[in-house]
Amino acid sequence: MYNKKKNIEPEDISYKRVLSYMQWLIERYGAYSAKTLLQKANLLFKADTQFNEPALNYLIERGIVDDLRFAERLTLSFSEKKIGPNKIKEKLYAKGFSSQTINECVSAIATTEEEYFDKALILKTRKFSDEPIDDIKLKQKALRYLVSKGFSYSIANKAVSYSSNED
């Protein structure tokens, strides 16, 4: 009644197969960092990983995988959100970019300390209130919140103690 499944032997691992897998990942799910792509290939082809790096190098040479371009796009996306430069660096590092690439992308963001202060002030106002915070515990909570969002302590402290009457 039911056909028995035949024991299907796994395909041989070859350069062409690894390359087509990496290209399929990029086509299907979008851009990847080189490190992430190599990790995925190493996970699938763990029996024989000799073709993973040459296939990745082929994609890098052709410009299909470009860490700098991908990191710049992510940096712009993160900077549009209300997060600070430290959090952007943390997120890029988690994606597997080199520290040189991360520093290059974060320094390329054309934001001044005043713009970061405005972002921090918006977050502080949204979570707490417009008024400067006097209560010590509430002030510490607000500082922790802003620092966890990637702002420096000085900007966070300025935003917490900012009064709209100072203008």
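Helices H1 (15–29) and H2 (34–44) pack with their axes 10 Å apart and at an angle of about 130 degrees. H1 is therefore oblique to H2; oblique covers what is left once angles under 35 degrees (roughly parallel), over 145 (roughly antiparallel) and 65 to 115 (roughly perpendicular) are taken out. Axes here are lines fitted to C-alpha atoms, for helices over the stretch in contact, with angles from 0 to 180 degrees between N-to-C directions. Helices are DSSP runs (H or I, at least four residues), numbered from the N terminus.

This is a predicted model, where local features need pLDDT of at least 70 and side-chain atom pairs count only at pLDDT 80 or more, while totals for chains, interfaces and linings use all residues. Residues are numbered from 1 along each chain, and side-chain values use heavy atoms, leaving out hydrogens and water.

| Pair | Axes | Angle |
|---|---|---|
| H1 and H2 | 10 Å apart | about 130 degrees |
| H7 and H9 | within 9 Å | roughly 50 degrees |

In the H1 and H2 contact, Tyr 21, Met 22, Leu 25 and Ile 26 meet Leu 37, Lys 40, Ala 41 and Leu 44. For H7 (residues 113–127) and H9 (residues 153–160), the contact includes Tyr 116 and Phe 117 of H7 and Ile 155 of H9.

Now to H3 (residues 52–61), where Asn 52, Ala 55, Leu 56 and Leu 59 are buried (under 20% relative accessible area, 1.4 Å probe, protein chains only). These buried residues pack against H1 and H2. Just after H3, Gly 63 has a positive phi of about 85 degrees.

Terms used. Helix = DSSP H or I, 4+ residues; strand = E, 2+ residues; numbered from the N terminus. Contact = heavy atoms within 4.5 Å. Buried < 20%, exposed > 50% of the residue type's maximum accessible area, 1.4 Å probe, protein only.
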